[in-house]
Amino acid sequence: MDTIDKRIVNRLQQGFPICESPYRGVAEELGLTEECLLARLRALLADGVLSRFGPMYHAEQMGGALTLAAIKVPEERFDEVAEIVNAFPEVAHNYARNHALNMWFVLATEQPQQVASVIAEIERLTGLTVYNMPKINEYYVGLQLEA
């Protein structure tokens, strides 16, 4: 990433404008053309620097559900289990952790009852217990990662 890419990533973490030409608006703020901004975003995604670029929806406010889940995965099966878990479209993201429960992931479902069925299916396919840790309280943390 060069300094322009870093400026793009840092700016886009602050929100995306809702207007007729949002990419043009951000590009102008950054002193770029819309075409340059789009080309750089495509390159960041293609190179794997960004894993995704898109809106974050509050599933619960849309009638769905979110939950944090974890699995204790034998080290020799980690890649296999990660592939199974990541194949579910409800898995928003998945992380390896240095903990007895070494795989943590977030499920986002369209309907609350889907959480249990997705967990049950992951357990069936992996043969491992999934620990469901639904949210009790919500806290807003204004996290921005400086590029």
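Phe16, Leu45 and Phe53 together make a nonpolar surface patch of about 230 Å². Areas like this come from the Shrake-Rupley method with a 1.4 Å probe, and for residues only the protein chains shown count as cover. To join a patch, a residue needs over 30% relative accessible area and no salt bridge; nonpolar side chains (Val, Leu, Ile, Met, Phe, Trp, Tyr) are joined within 5 Å, like charges within 9 Å. Keep in mind that this is a predicted model: local features need pLDDT of at least 70 and side-chain atom pairs count only at pLDDT 80 or more, while totals for chains, interfaces and linings use all residues. Residues are numbered from 1 along each chain as its sequence is written, and side-chain values use heavy atoms, with hydrogens and water left out.

Where does Phe16 lie? Look in the loop between helix H1 (3-12) and helix H2 (22-30). Helices (H or I, at least four residues) and strands (E, at least two) are DSSP runs, numbered from the N terminus. Phe16 has a relative accessible area of 33%, so it is partly exposed; buried means under 20%, exposed over 50%, and partly exposed in between (1.4 Å probe, protein chains only).

## A strand tucked inside

Now for strand S1 (residues 65-71). Five of its seven residues are buried, so S1 is largely enclosed by the rest of the structure.

S1 runs antiparallel to strand S3 (residues 103-109), with seven bridges joining them. Strand S4 (residues 130-133) is also antiparallel to S1, joined by four bridges. For two strands to pair, DSSP has to find at least two bridges between them.

## Salt bridges

How many salt bridges does the structure hold? There are six, each one a side-chain nitrogen of Lys or Arg within 4 Å of a carboxyl oxygen of Asp or Glu. In one of them, Glu29 meets Arg11 at 2.7 Å, N to O. That pair links distant parts of the chain, since Glu29 sits in helix H2 and Arg11 in helix H1, 18 residues apart. Glu29 is exposed at 52% relative accessibility, whereas Arg11 is buried at 12%.

Glu121 and Arg124 also form a salt bridge, with their closest N and O atoms 2.7 Å apart. Both lie in helix H5 (residues 114-126), three residues apart, which is about one turn of the helix.
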